[in-house]
Amino acid sequence: MAHWAVEIPTRTPGEQPRTGVQWFTYPASRFPVRGDVVEKVREDVATAAAVRHRSGAVADVDAIKVIWHDDLM
C-alpha cells in the first residue's frame, strides 16, 4: 500500500536543535496530495498524544520532510 512517511525534527528544550525525530505515516488512499499530508501532520503534531510520545520535546514544523513510499512489489 502506498503511503506518506513524515519526519519532523524535534528538540528537547535547553538542548541543541534537532535532538530527535518524530515520524507519522498516512495512507495515500486518504491523502493523495502532498499538501494535504502537510496540513494533516501540522494538526496531528500538536495533539496531546503526539506531545506525550515525544516526551514534551518541541517539534520543528518548519523542517517537515515528507517522503513518498510506493510499496509495489
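Modeller: Proline 13 is exposed, with a relative accessible area of 52%. Here buried means under 20% relative accessible area, exposed over 50%, and partly exposed in between (1.4 Å probe, protein chains only). This is a predicted model, where local features need pLDDT of at least 70, side-chain atom pairs count only at pLDDT 80 or more, and totals for chains, interfaces and linings use all residues. Residues are numbered from 1 along each chain as its sequence is written, and side-chain values use heavy atoms, with hydrogens and water left out.

Colleague: Which residues does proline 13 touch, not counting residues up to four places away in sequence?

Modeller: Start with its place: the loop between strand E1 (3–11) and strand E2 (20–27). Strands (E, at least two residues) and helices (H or I, at least four) are DSSP runs, numbered from the N terminus. With contact meaning heavy atoms within 4.5 Å, proline 13 touches Gly56, Ala57 and Val58.

**The salt bridge**

Colleague: Which side chains meet in a salt bridge?

Modeller: A salt bridge is a side-chain nitrogen of Lys or Arg within 4 Å of a carboxyl oxygen of Asp or Glu. A search of the whole structure finds one. At 3.1 Å, N to O, its partners are aspartate 44 and lysine 40.

Colleague: How far apart are aspartate 44 and lysine 40 in helix H1?

Modeller: Aspartate 44 is buried at 16%, and lysine 40 is partly exposed at 25%. Helix H1 covers residues 34–44.

**Aromatic pairs**

Colleague: How many aromatic pairs does a search of the whole structure find?

Modeller: Rings of Phe, Tyr and Trp (its six-membered ring) pair if their centres lie within 6.5 Å; planes under 30 degrees apart count as stacked, over 60 as edge-to-face and the rest as tilted. By that rule, the search finds three.

Colleague: What kind of pair do tryptophan 4 and tryptophan 68 form?

Modeller: Tryptophan 4 is buried at 9%, whereas tryptophan 68 is partly exposed at 42%. Their centres are 4.9 Å apart, with 70° between the planes, and the pair is edge-to-face.

Colleague: Why is the pair of phenylalanine 24 and tyrosine 26 stacked?

Modeller: Phenylalanine 24 is buried at 13%, and tyrosine 26 is buried at 6%. Their ring centres are 6.5 Å apart. The pair is stacked because the planes lie at 10°.
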